[in-house]
Amino acid sequence: MEKNFGFKNRGWERGDLVQIDTSSGYGANHDGLGVILVRAAESDRQGNLFPSFYVYNLRLGQAVKYYSYDLELVSPLNP
């Protein structure tokens, strides 16, 4: 008997709990957990290769803009 694993592809949504793992110059003080607030509005003049989001960083206690490659979904708000 085969097991059926149901994975669904969904976009990032407000309220999702994410792990922040920055690989840029921010340093380890930005790493930790955060909550997605809103997708950052970018200019379409150059296109959006990497979408960005404003995330409430629980460690810092403030909203910070992160790119999607710095975020990993821990738990969706609405599964």
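# Chatting through the strands and the core

User: Where is serine 68 found?
Analyst: This is a predicted model, and in it serine 68 sits in the loop between strand S4 (62-67) and strand S5 (71-75).

User: Is serine 68 buried or exposed?
Analyst: Serine 68 counts as buried, because its relative accessibility is 17% and the cut-off for buried is under 20%.

User: And what does serine 68 touch?
Analyst: Leaving out residues up to four places away in sequence, serine 68 touches Pro51 and Phe53.

User: OK, switching to strand S1. Which residues are on its covered face?
Analyst: In S1 (residues 17-20), Val18 and Ile20 make up the covered face, while Leu17 and Gln19 are on the uncovered one.

User: How many bridges join S1 to strand S2?
Analyst: Four, and S1 and S2 (residues 32-39) run antiparallel. Within that pairing, valine 18 stands opposite glycine 34 of S2. S1 is also joined to S5 by four bridges, again antiparallel, and there isoleucine 20 has leucine 71 as its bridge partner.

User: What else does isoleucine 20 touch?
Analyst: Quite a list, not counting residues up to four places away in sequence: among them are His30, Gly34, Val55, Tyr66 and Leu71.

User: Which residues are in the largest nonpolar core?
Analyst: That core has eight residues: Val18, Ile20, Ile36, Phe53, Val55, Val64, Tyr66 and Leu71. The elements giving two or more residues to this core are S1, S3 and S4. Phe53, from that core, is also one of the contacts of serine 68.

User: Where is leucine 58 found?
Analyst: Leucine 58 is in the loop between strand S3 (52-57) and S4. With a relative accessible area of 46%, leucine 58 is partly exposed.

User: Last one: which strand does tyrosine 54 lie in?
Analyst: Tyrosine 54 lies in S3 and is partly exposed, at 36% relative accessible area.

User: How far apart are tyrosine 54 and valine 64 in space?
Analyst: They are 5.4 Å apart, C-alpha to C-alpha, although ten residues separate them in sequence. Setting aside neighbours within four places in sequence, tyrosine 54 is in contact with Val64 and Lys65, and also with Val35, Ile36, Leu37, Val38 and Ala40.

Note on methods:
Residues are numbered from 1 along each chain as its sequence is written. This is a predicted model: local features need pLDDT of at least 70, side-chain atom pairs count only at pLDDT 80 or more; totals for chains, interfaces and linings use all residues. Side-chain values use heavy atoms; hydrogens and water are left out. Buried means under 20% relative accessible area, exposed over 50%, partly exposed in between (1.4 Å probe, protein chains only). Contact means heavy atoms within 4.5 Å. Two strands pair if DSSP finds at least two bridges between them. A nonpolar core is a set of buried Ala, Val, Leu, Ile, Met, Phe, Trp, Tyr and Cys residues joined through side-chain atoms within 4.5 Å.
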